[in-house]
There are 2 protein chains.
Amino acid sequence: MTCADRPLPPAWGSWARRKKEDDMKTDTLRYRLLDAQLSLAREKERSVILLLTGHAVTHKGQVVNRLNHWLENRHTEVHALGPSSEEQSRPYWWRYWRRIPDRGRIGIFIHGWYGDALFARAERRLSAGAFHDRLEQIRHFEAELAAEGVVLLKLWNDIGRREQRHHLVELQQDPDRSWQAGPTEWQRHGQHAIIEAIGKTLRDDTEAPHAPWQRLSFREPGEQLSRVGRALLDVMEAPPDPPATTLAALPDELPGVPSLRRADAAVEERLDKAAYREDLARGQARLARNAREIARRRIPVVIAFEGHDAAGKGGSIHRVTAALDARQYRVHRIGAPSDEELALPWGWRFWRRLPVDGRIAIFDRSWYGRVLVERVEKLASKAEWQRAYGEIRHFEQQLLEHGGVLIKVFLAIEKDEQLRRFEARADTPHKRHKLTDEDWRNRERWDDYQRAIDEMFARTHAPGAEWSLVACDDKRRARLAVLEHVNERLEARLASAV
Amino acid sequence: MTCADRPLPPAWGSWARRKKEDDMKTDTLRYRLLDAQLSLAREKERSVILLLTGHAVTHKGQVVNRLNHWLENRHTEVHALGPSSEEQSRPYWWRYWRRIPDRGRIGIFIHGWYGDALFARAERRLSAGAFHDRLEQIRHFEAELAAEGVVLLKLWNDIGRREQRHHLVELQQDPDRSWQAGPTEWQRHGQHAIIEAIGKTLRDDTEAPHAPWQRLSFREPGEQLSRVGRALLDVMEAPPDPPATTLAALPDELPGVPSLRRADAAVEERLDKAAYREDLARGQARLARNAREIARRRIPVVIAFEGHDAAGKGGSIHRVTAALDARQYRVHRIGAPSDEELALPWGWRFWRRLPVDGRIAIFDRSWYGRVLVERVEKLASKAEWQRAYGEIRHFEQQLLEHGGVLIKVFLAIEKDEQLRRFEARADTPHKRHKLTDEDWRNRERWDDYQRAIDEMFARTHAPGAEWSLVACDDKRRARLAVLEHVNERLEARLASAV
């Protein structure tokens with residue numbers, strides 16, 4: 001079939017020509033792929049990410065167009081754009097977390113996170129060290145996705161330097177396709193050897209059973225399509241095993257790391273009201289000034305509050321927010337996930353709530369629920385909560401690398417004091433809503449929680465992500481301690497040059 | 001209580017001073033508000049929007065800070081920022097739709113949509129006509145929110161010109177607050193009379209029982225807070241009735257509007273395969289060129305497909321997308337809403353899917369479900385589907401005003417042809433997944449659907465938002481007709497200068 005008077009659009013032209021040659025073979029592949037996709041969409045347990053990167057002018061766009069035409073495009077999405085300003089004012093990986101396909105869907109990325117690393121390194125916008133760090137982030141990111149049921153397939157588009165030049169000249173001479181050979185393509189042609197070398201490091205360092213690379217040599221688009229289709233079908237029909245979680249043994253002594261087991265019982269006298277009010281006023285005035293400076297310098301701040309039930313999280317948060325401009329902060333109460341959150345890997349619930357630069361996100365309970373309540377109440381599997389430590393470190397590290405401040409506070413009370421507070425709550429009309437059956441249930445597992453909390457401290461106390469353990473048996477002292485800690489951390493960040 | 005050596009932060013200082021004077025009165029108000037908020041959060045049926053706008057330096061920020069301190073801030077959000085680039089590249093109202101609080105939550109807006117209109121008009125960035133249109137949009141927007149259970153309260157902050165000047169000078173002389181009297185505040189002081197006049201028009205034109213205005217005269221912040229608190233409590237304890245839906249009677253004859261009742265049965269001979277392929281190639285090549293131009297000129301495009309079951313929506317969409325670059329479009333299949341969508345007014349499901357400038361969003365079923373399946377199957381109440389016509393017109397109008405293209409296609413088949421196709425689907429292995437029990441159920445209500453479809457045409461066929469009714473008994477002719485229609489609409493838009 002030809003159309004004499006007009007050129008065929010690249011998206012389907014040669015497909016139609018090829019159809020006569022090996023109709024049967026491609027049709028079979030196509031239907032098997034469609035079938036695999038429909039199972040995926042029906043079962044909604046996994047999602048698929050197909051990523052294409054590599055050299056320029058290797059038919060990536062064409063192959064994606066045709067593949068998309070093969071698939072049921074109601075369950076597919078293609079991502080190939082640069083970051084928006086909303087994305088640039090958040091930690092780097094936010095832009096990819098928000099684009100991860102829901103369970104049941106296929107996401108196709110052209111270049112994606114590999115393109116960022118590859119071209120930034122080729123153009124020396126990324127130092128060797130920063131490139132190395134980025135590859136480590138990629139390994140973490142992909143392992144996390146794989147563990148959460150995302151099937152990954154990464155394709156590297158190869159082309160020889162001479163062949164690339166030949167193809168570029170050919171494109172340039174065709175008025176209908178000359179826009180495909182622009183300055184960027186020529187620049188990347190000039191960097192062929194560099195891209196080749198960086199590409200090798202990139203593939204070697206991020207190869208994993210759960211996120212395999214395949215190289216695609218330069219062929220006619222129809223042939224490339226078949227190879228991509230087969231590779232995709234293979235991983236969809238037999239998804240690789242997710243990465244195993246290995247949890248290092250903890251040493252007995254961890255200097256500097258908080259611990260409930262080793263904490264001294266509070267013996268100080270209760271603070272009297274007048275002294276409390278004066279110190280509170282001072283601390284809040286100081287916080288108001290710090291927060292204005294944080295806004296001016298566009299530093300994002302995340303404050304995570306965890307603690308025993310009835311330790312006084314709400315009250316402490318209230319004393320912090322009282323000093324803040326309501327336009328600058330938001331309190332996120334972390335409860336059960338929504339169904340949109342359940343359709344995505346676990347981490348998305350927290351990534352989506354990261355503040356934009358200059359704002360403060362306060363978490364009333366946080367991502368640590370995974371290794372506390374979800375662990376103790378067996379809402380997460382052992383593998384899930386065990387790998388969460390690493391995922392959490394990765395998540396927190398991203399905020400720090402973006403220049404943010406991370407403040408983690410654990411509010412602790414003694415078991416007897418908790419009982420007194422529960423009973424007091426039950427007796428006070430406007431506090432009764434704070435006490436639920438769950439609180440009483442959690443209390444029954446007090447010792448399990450204490451162990452989980454101490455392990456959390458030991459595994460996630462890190463530079464820039466230190467835990468502050470605040471004894472709350474005296475509420476007034478606790479609130480002042482929280483304010484003092486928040487102020488100190490903000491001031492430490494503000495004292496740094498960047 | 002005073003703190004001699006440092007100034008008190010504005011957020012809580014005078015509150016603490018006032019506390020001694022009328023502790024009891026404010027405490028009662030505060031607890032009643034908190035109580036109303038907790039009921040709101042528990043019942044999750046309504047949300048509340050409190051909007052403050054008006055003259056500059058009238059303590060808006062302080063009042064919001066303190067109110068936020070009174071409320072349970074886990075269920076509150078404050079919005080006061082200008083639009084991001086993601087927002088600017090979508091129709092105007094997108095930025096507010098995405099900020100509507102979930103059911104159970106309170107959203108506080110400083111200026112919000114009124115500030116945009118007020119200051120743009122004061123600075124003559126908005127013509128008198130455009131200002132008038134904006135006020136009409138505001139009325140639609142607020143009526144839509146109110147009908148969906150959003151309780152609205154709008155406060156206008158008054159201040160006399162002399163008093164404003166006095167207050168500005170006072171602020172300027174206080175080193176801790178001088179930042180509150182910047183160039184913007186002085187500029188707005190200079191425009192006091194203009195703001196006063198525009199404000200009056202704005203309030204008069206947008207006053208409604210479901211979205212009432214209250215004026216706040218300039219007082220000491222603590223007193224303003226009490227007045228705001230009481231006003232908020234009033235609307236929360238006794239929410240106004242939602243606006244009534246009035247549906248105009250339809251004239252018998254609507255020239256130019258499609259109608260199934262008046263449509264001629266297709267009698268044309270079926271198109272042969274060779275001719276079809278040639279025309280398809282031509283149409284797709286043309287679409288590929290048009291789409292590239294659409295991308296270059298950053299025009300957003302929305303294509304909505306509706307139709308009888310088995311009319312061939314999927315196949316028609318496929319013939320359109322085959323000509324497009326996969327990076328440019330996304331197909332949205334509209335099924336049951338997610339729980340995050342259910343927590344927000346109905347329209348949000350569609351607003352959130354509007355494409356960014358230069359991209360194409362294709363809807364496989366659309367917002368018209370409200371007046372088709374939801375109406376016929378009684379999934380929406382009569383009031384809901386009746387007011388949907390107006391909401392839909394408003395929604396579509398926003399896309400057009402933003403410079404977008406809206407293409408609405410209805411694919412129709414005869415009742416007998418549908419039966420033949422259902423039976424054929426049941427017999428073909430790779431098509432069987434397309435046929436569900438629901439299809440058979442819908443078929444039983446054929447006549448109800450026909451009536452609903454014709455009413456939809458009559459009520460939503462509008463300039464720039466015309467319906468195209470495509471007879472699909474011959475699939476090939478139908479696909480070509482869809483392509484032709486899409487091309488024509490894109491070319492008409494491309495031919496316009498803007």
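In this predicted model, 63 residues of chain A are in contact with 63 residues of chain B (contact means heavy atoms within 4.5 Å). Local features here need pLDDT of at least 70, side-chain atom pairs count only at pLDDT 80 or more, and totals for chains, interfaces and linings use all residues. Residues are numbered from 1 along each chain as its sequence is written, chains are lettered from A in the order in which they are written, and side-chain values use heavy atoms, with hydrogens and water left out.

**How the two chains are related**

**Where chain A meets chain B**

- Together the two chains bury about 5800 Å², 51% of it on carbon and sulfur atoms; buried area is the accessible area (1.4 Å probe) that two parts lose on being put together, summed over both.
- Eight salt bridges are counted between chain A and chain B, each a side-chain nitrogen of Lys or Arg within 4 Å of a carboxyl oxygen of Asp or Glu.
- One salt bridge joins B:Arg98 to A:Glu86, whose closest N and O atoms are 2.8 Å apart.
- On the side of chain A that touches chain B, H11(A) gives the most, with eight residues; helices are DSSP runs (H or I, at least four residues), numbered from the N terminus.

**Inside chain A: two domains**

- The domain assignment, automatic or from a database, gives chain A domain 1 (13-237) and domain 2 (273-495).
- Taken over C-alpha atoms, the centres of these two domains of chain A are separated by 39 Å.
- In chain A, 20 residues of domain 1 are in contact with 22 residues of domain 2.
- Domain 1 and domain 2 of chain A bury about 1900 Å² between them, with 59% of it on carbon and sulfur atoms.
- A:Pro91, A:Trp97 and A:Glu148 supply 31% of the area that domain 1 of chain A buries against domain 2 of chain A, more than any other three residues.
- The count between these domains of chain A is two salt bridges.
- A:Glu148 also forms a salt bridge with A:Arg387, the closest N and O atoms being 3.1 Å apart.

Definitions and conventions
Helices (H or I, at least four residues) and strands (E, at least two) are DSSP runs, numbered from the N terminus.
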